[in-house]
Amino acid sequence: MISTLGGFVLFLALGVTLYAAAAAVLGARAGREDWLASSRNAVLAHFCLVTLAIFLLEYALITSDFSLRYVANTSTRGSLTRYKIAGLWGSLEGSILLWEWLQALFAALVVARYSDRGPSGCRHLLPYVQAVLQGISAFFLLLMTFGANPFAPLFPVPPDGRGLNPLLEVTDMLIHPLLLYLGYVGFSVPFAFAMAALVTGRVSEEWLTITRRWTVVAWLFLTGGIFYGGWWSYRTLGWGGYWAWDPVENASFMPWLTGTAFIHSVMIQERKRMLRVWNLVLITLTFSLVIFGTFLTRSGILGSVHAFADGPVGVMFLAFLSLVLFFSFGLVAYRSDALKGHGELDSIVSRESAFLLNNLVLVGICFTVFLGTIFPLLAEAIRGTKISVGTPYFNRVSVPLGLALLLLMGIGPLIAWGRASLNNLRRNFLKPSLAALAGGAILVALGVRQAEILAAFVFCLFVIGTIVFEFLVGTRTRAKTMGEGLLTAFATLLLKSRRRYGGLIVHLGVVVAIVGIAVSSVYKVEREQTLKPGESMQVGPYSVRFDGMAAGERPTHILVWANLMAFKDGKPLHTLTPGQRYYPNQQSPFASVDARYHWNEDLYVILSAFERDGSSATFKVLINPMISWIWIGGGVILLGVIVAVLPERRLALLAMRAKAQVA
Amino acid sequence: MGSQQAAWAGSPAGAPGRRHGRGPGFALVWALVWIGLVIPGVAPAASGSPNPDLEDQVREIASGLRCVVCQNLSVADSPSDLAKEMRNLVRELVRQGKSREEIQAYFVSRYGEFVLLSPPKRGFNLLVWGLPFLAILLGAWGVYLVARRWTEQREEAEPAVDPAYAERVRRELQERERPSGS
Amino acid sequence: MAGPESLMSWKKALIPLACVPVIILLAYGFRTDPKAIPSPLVRQPAPGFRMAVYDAGELSLETLKGKPAVLNFWASWCYPACYEEAPLLESTWRKYKDQGLMLVGVDIQDKEANAREFMRRFDFTFPNGPDPGSKISIDYGVYGVPETFFIDRQGRITYKHVGALTPALMEAQVQAILKGN
């Protein structure tokens, strides 16, 4: 029953979305206001229909209706309700439905936001924006109708379902994919505006200004998704790391890189009306990479832990990717004459140049990741040999590029627009450079020798130096000239130039995360040893004593764990209970790691093997120095973006309240 | 008022107010604070375990080998049984005095080139190592050409500093200090 | 007049056309199987090994010299594939042992008790032994269980099969190594 109903709703939604797209384009061409209004209503109706479909599938999931194949694949009767709900995005068909729902939501938001308000040019762009967004929706609906139907029936109805992969049965499963999808879908809005700008020929700065906030918010979700994914992987996957350059990770990283480049280069266009083509290319690349990444992980052409499903889905994704690429780059080519900007630059030593280089490096890293990801395919096509391109390759190639980016991060925000005078350079960079060099000298004196880590430290120090000086000087001067208290001066400074200072805070977060990445990867200590009860192993300043094995039944699995006592410098520190989880439906157990998380050093323990009788067990113990800085950095980035995008009025209110309190 | 604003908000356009108030040792203090934060992270690397050289060598070699049962982890990182046995084998081979290259060659002879996580830098594989840097170099050259063309255009258009343009720059710089988003 | 203009449009078309090679490469990806990784050992001499057979002393590659051999890697925890092919292994052994075929089972990453239970269940009469430290498995480039190697009289690996064996495949490969000289 639900199967037929769900299929019908999706089919109806497909019809409505196609109508909305057609009515928008035809209405705009014919100048028929009533058609446009009808199209907007159709966009909202489409959103309601997809919402209904989501409710139907969730209803089936929560009530364990195994007459749907999807429900049988992603949940069992015994699953906790929250994981039954999360089953919606636990497998291919459901995650496409979720994606489509977010896509419909964003399209509805765009219509609601801009149909009667917004900048004047918006009215001309909006019909085509709608058409593009509905076109994307139509693809997902086609995909569900013909390739990956979440409402496909199952007969005979099994007594119980297979359930999610136990690795996915964690609370993080509720958050991480949602963040990523919000990021992916978010970028479709600036993409749609860019396409509308190209179609209508209104290729000036209009579309950029309108979508600026959408872009930053999409970037925030994508960044959040990536950081959250790393954190999740670190705490639960049980190998002690957070990033493995897996195709699915690269799939989220590539649009992040081009999206980051886009966020920077639009500033040049807004200010100088240059780089019009480049920005269109960047947003198109970003959106194409989102589709490309999904294609990679969903088509199964590359082996990946995350890859699921095959069948027509891969082919349909590839067809859509080709369509997007030809359509958008074709439009750029078609409009290339109108897009010719008049570049003017006073000097090569300027912020414009720093931004150009920033874009070059970001896109360069993206190219590297792209090349590394598809190179095995290329090698197989040309040489006929299977090869791997993994972590050592990506680290080796991206570290120098990342260092260059880090350096640019210090220079870009402070070097003057147009022409940087010697005075400007000296004022903004002399002290941070000296501080960085002094820090580097101290580190060398302390015995740090690896060139890469040394460069990373010096550059990080330089960037933080520039940011801190900027804040310090600003606050101080304001306090002096306005006669305000330091705190008020700082707050007003942030509020008065939110985009700039928010951006600097984001940079600060990135640097904090980079410090965490650099230190934790270079100074990680790892030991593996087999212990008998009562024995201990020494790892750095820690010693870990094995006190025996234990086992117990949990609602969904059997947990076997080891009781450990960790000591630091001889003093008892913490009990740790790493274990292994045995699930009835799974062949091999899943690690359940335990760690003592601390702001500057994690002690991380994995139970890698044990004797049934408890006579001995093998442990892998890792000291991950400063790894929490990565997550702290992620938090700082979030803070910075919030400062940069929070609506004006809200902040003004806050500021007034703060002032009132001070007074 | 305008020029004062420019002064406190860190504008590159002349900031007389920022010269005073900082001691000469500030940079050093800053560096020390920073180092103080980093040291706890760097410290454990100094202290070692009974046989640090061997273990680090094993880890180094194992992290370049692909764990064949887990698609995308190295032998060093994988929690799987086979990876554990492979680590033991690597340890044994290192103890026998085998070099990194010999150990890699052994695994390639058994599992094929697929087992190496980073493709050996020869033949066709040179592409994957070289192209990124080539692309960056070409890109940098392109950026330079573009930037130079722009500066030339600028010089042709306005050989001397045009007062109107200078005014525009000044205005834009001030604009930067005002609340954005409007 | 038409010349430069058509040249321009031709150049413009290059922008979207630049995507074509990538799309072709991706389409090629559909024809490949990321899980099928050819073994470099096929058509190479079988790596030597020495194994303690359950209840029957020792066995090594030298013992197999001059005989066609089937080397099967299995484990009692490998369900269902190993359970599916186990009867076929035993019946092949009974059918061809008089023609000089050797069939050897290597039990990997297993507990002895479970392994014995498995052998009892399928009434194994051919020699099987454990692989402590997975040495033999790694030497044969084994990814997982079950995997089967067919070795001819010259001690060369002629074929490697990944996954459960089918009767037809078993028959064909055994015939091939029996005939080969």
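Two strands are taken as paired if DSSP finds at least two bridges between them. Helices (H or I, at least four residues) and strands (E, at least two) are DSSP runs numbered from the N terminus. The model is predicted, so that local features need pLDDT of at least 70 and side-chain atom pairs count only at pLDDT 80 or more, while totals for chains, interfaces and linings use all residues. Residues are numbered from 1 along each chain as its sequence is written, chains are lettered from A, and side-chain values use heavy atoms, without hydrogens and water.

**View 1. Pairing of β6(A) with β7(A) and β4(A).** Strand β6 (residues 579-582) of chain A pairs with strand β7 (residues 590-592) of chain A in the antiparallel sense over three bridges. R581(A) has F590(A) in β7(A) as its bridge partner. Strand β4 (residues 558-568) of chain A is joined to β6(A) by four bridges, also in the antiparallel sense, and W561(A) stands opposite G579(A).

**View 2. Open sheet of chain A.** Four strands in the order β1-β10-β9-β8 form an open sheet with antiparallel pairing. Because β1 (525-531) and β8 (594-596) of chain A each have a single partner strand, one side of each is left without a neighbour in the sheet. Between β8(A) and β9 (residues 601-610) of chain A there are three bridges, and A595(A) stands opposite Y604(A).

**View 3. Contact of α10(A) with α13(A).** Helices α10 (residues 276-299) and α13 (residues 351-382) of chain A pack at about 25 degrees, with their axes 13 Å apart; axes are lines fitted to C-alpha atoms over the stretch in contact, and angles run from 0 to 180 degrees between N-to-C directions. Contact (heavy atoms within 4.5 Å) involves residues including W278(A) and F292(A) of α10(A) and F370(A) of α13(A).
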